[in-house]
Amino acid sequence: MRLVLSGCAALQTARLGVRCERAVGFPRSKNSAGGWSVRLTRQNARVCASLSRSFSTVLRCQHFSSENKAADKSLMTPMLKHLIMKIKSTGPITVAEYMREVLTNPLKGYYMHQDMFGEQGDFVTSPEISQIFGELIGIWFVSEWMATGKSPKFQLVELGPGRGSLIDDILRVFTQLSSILANCEISIHLVEVSPKLSEMQASVLTKEKVELPESSSAYMHGISKTGIPIFWYRNLNEVPEGNSFYLAHEFLDALPIHKFQKTENGWRELLVDIDPEASDKLRFVLAPSATPASKSFIHDQESRDHVEVCPDAGVIIQKLASHVENNGGAALIIDYGHDGTKTDTFRGFRGHKLHDVLLSPGSADLTADVDFSYLQRMVQKRVATLGPLKQKEFLKNMGIDVRLQVLLQNADAVTRSHLLQGYQMLMDKMGERFYFFALLPHYRLKPDHSLSSPIAGFGELLWR
């Protein structure tokens with residue numbers, strides 16, 4: 001979650017903040033033209049080569065409001081120039097294509113070449129507010145490893161590791177439980193596309209790292225301070241298969257989404273186009289007819305009039321389900337989201353404030369709530385699923401109160417204050433809006449199976 005920080009309170013609590021506000025939802029204002037209007041636009045060049053004679057009527061959609069417009073007037077970013085040229089060449093683009101370009105374009109993408117975390121960035125993530133969060137996640141993975149038979153190999157795979165703070169806390173747990181893990185070969189596998197973030201992760205997690213040749217599946221390798229090998233990959237497909245445990249914390253929310261609106265003529269996809277009234281600005285439009293995405297991603301029982309679908313999340317969750325089904329292990333998804341009831345959740349964040357998603361693209365984070373009901377449909381019963389469970393309930397089940405008291409015993413006044421503030425943030429705002437969702441082999445839920453035991457976090461934590 002992302003927490004909007006302002007004034008003195010922002011400076012005082014930035015390191016303890018969490019990305020809450022983007023999960024709450026905000027009032028939105030109509031665009032300067034008063035909301036919906038009609039105009040002419042060129043059809044997508046990939047559909048029709050004769051752009052000069054092919055026009056269709058499309059509806060103009062609402063812009064999102066921004067709380068920091070004064071600081072963003074007429075910012076022509078390199079990404080905006082790139083997008084304007086792209087749209088002029090090919091016609092309006094999908095929201096998914098817009099997100100993919102803005103966030104992960106190799107040359108200009110938001111995630112690719114900057115540090116967006118912390119007080120000086122656009123948001124701070126939950127592992128940074130308290131060490132307890134990462135420690136309890138580490139205990140969850142060790143608990144599941146034990147419950148599934150203590151495999152001699154333990155591959156921990158994290159998707160989108162951020163600064164590496166979460167894995168760093170988990171590695172500390174592995175060290176503290178070294179007697180339990182003594183006969184286990186542990187390795188860490190990080191899926192990260194950003195060169196900037198992978199360098200930051202390496203500086204936090206390793207004593208030294210080396211670049212690997214292109215013939216290798218991993219592009220970088222290092223050794224943790226406790227001797228555990230760490231590998232970096234650009235794609236989940238490149239990670240070696242085996243008895244793996246997967247972690248995705250605030251990863252799915254940043255994957256590209258398609259947006260659809262129900263109209264009198266059926267479902268229409270929202271696209272991003274150049275504003276005809278301002279050539280240096282973008283706006284949303286409705287496709288004049290059904291698109292392949294609107295035909296494929298809207299199911300027959302849909303009752304909402306506005307829907308967001310993230311196909312990339314569906315592909316990833318199916319891959320994780322396949323790995324768990326075939327090789328064992330487990331997957332833990334941690335994100336904010338909903339059960340298929342929310343409609344319009346697409347938001348931008350910059351400088352800890354809500355930001356217009358179409359303004360100065362490439363300078364702000366883009367995000368949308370995770371639809372957990374969609375993830376469950378994509379799994380297709382190949383594995384067992386648990387959750388989504390509210391974070392406060394999961395952490396309570398994992399013993400967060402006990403761990404807090406242990407840390408408070410020998411803490412000085414300043415540390416005590418930080419621990420208590422972090423605990424409150426994890427359990428209050430964040431605890432209500434953040435969810436835990438797990439993929440497990442079916443036998444883990446069968447009471448008559450020899451390896452069956454309660455699932456930590458989703459039930460009572462037991463060690464055996």
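Helices, of at least four residues, and strands, of at least two, are taken here as DSSP runs numbered from the N terminus. On that basis the secondary structure of the chain, examined in a predicted model, comes to 13 helices and 20 strands. Of the 464 residues in the chain, 57% are buried. Among contacts with a separation of 6 or more, 72% are accounted for by residues 24 or more positions apart.

Helix H3, spanning residues 95-104, was considered in detail. Because 8 of its 10 residues are buried, H3 is largely enclosed by the rest of the structure. The buried positions are Val95, Ala96, Glu97, Tyr98, Met99, Glu101, Val102 and Leu103. Elements of both kinds contribute to their cover, including helix H2 (78-90) and the strands E3 (93-94), E10 (258-263), E11 (266-274), E12 (282-286) and E17 (365-367).

Two of the covering strands, E10 and E11, are themselves partners. They pair in the antiparallel sense over 4 bridges and form a hairpin with 2 residues between the strands. Within this pairing, Lys262 has Trp267 in E11 as its bridge partner. Strand E10 is also joined by 4 bridges to strand E13 (residues 306-309), and these two strands run antiparallel.

The nonpolar interior was examined next. In soluble globular proteins, nonpolar side chains tend to be buried together. In this model the largest nonpolar core has 63 residues, and those with the most contacts inside it are Tyr98, Val272, Leu282, Leu375 and Leu439. Helix H8 (residues 311-327) gives the most to this core, supplying 6 residues. A second, separate core comprises 61 residues, among them Phe141, Val173, Tyr219 and Leu426. Tyr98, listed among the residues with the most contacts inside the largest core, is also one of the buried residues of H3. For Leu439, once neighbours within four places in sequence are left aside, the residues in contact are Ile317, Leu320, Ala321, Val324, Ala330, Ala331, Val379, Val383, Ala384 and Thr385.

Individual buried positions elsewhere in the chain were then inspected. Leu156 has its place in strand E4 (residues 153-159). With a relative accessible area of 0%, Leu156 falls under the 20% limit and is therefore buried. Residues up to four places away in sequence not being counted, Leu156 touches Phe141, Ile167, Ile170, Phe174, Ser187, Ile188, His189 and Phe245. The C-alpha atoms of Leu156 and Phe141 are separated by 8.5 Å, the two residues being 15 residues apart along the chain. Phe141 is included in the second core.

Glu144 lies in helix H4 (residues 131-147). Glu144 is likewise buried, because its relative accessible area is 0%, under the 20% limit. Apart from neighbours within four places in sequence, Glu144 is in contact with Phe245, Leu440, Arg444, Ile455 and Ala456.

His249 lies in strand E9 (residues 244-249). A relative accessible area of 6% is under 20%, so His249 is buried. His249 and Asp335 are 86 residues apart along the chain, and their C-alpha atoms are separated by 6.1 Å.

A disulfide is a covalent bond between the sulfur atoms of two cysteines. A search of the whole structure finds 0 disulfides. Cys184 is buried, with a relative accessible area of 11%, and Cys310 is buried, with a value of 10%. The search for cavities of 30 Å³ or more, made over the whole structure, finds 4. The largest cavity has a volume of about 160 Å³. Its lining consists of 17 residues, of which Glu308, Cys310, Asp369, Val370 and Asp371 lie nearest the centre of the cavity. At least two residues of this lining are supplied by each of E13, strand E18 (370-371) and helix H9 (372-379). Strand E13 therefore contributes to the lining of the largest cavity and is also joined to E10 by 4 bridges.

Methods
Residues are numbered from 1 along each chain as its sequence is written. This is a predicted model: local features need pLDDT of at least 70, side-chain atom pairs count only at pLDDT 80 or more; totals for chains, interfaces and linings use all residues. Side-chain values use heavy atoms; hydrogens and water are left out. Buried means under 20% relative accessible area, exposed over 50%, partly exposed in between (1.4 Å probe, protein chains only). Contact means heavy atoms within 4.5 Å. Two strands pair if DSSP finds at least two bridges between them. A nonpolar core is a set of buried Ala, Val, Leu, Ile, Met, Phe, Trp, Tyr and Cys residues joined through side-chain atoms within 4.5 Å. A disulfide is a pair of cysteine sulfur atoms within 2.5 Å. On a 1 Å grid over the protein atoms alone, a cavity is a set of points where a 1.4 Å probe fits but cannot get out, and a pocket is an open set with protein on both sides within 12 Å along at least five of seven lines; lining residues have an atom within 4 Å of a point. Grid points are joined across faces, edges and corners, and a volume is the space filled by probe spheres set on the points.
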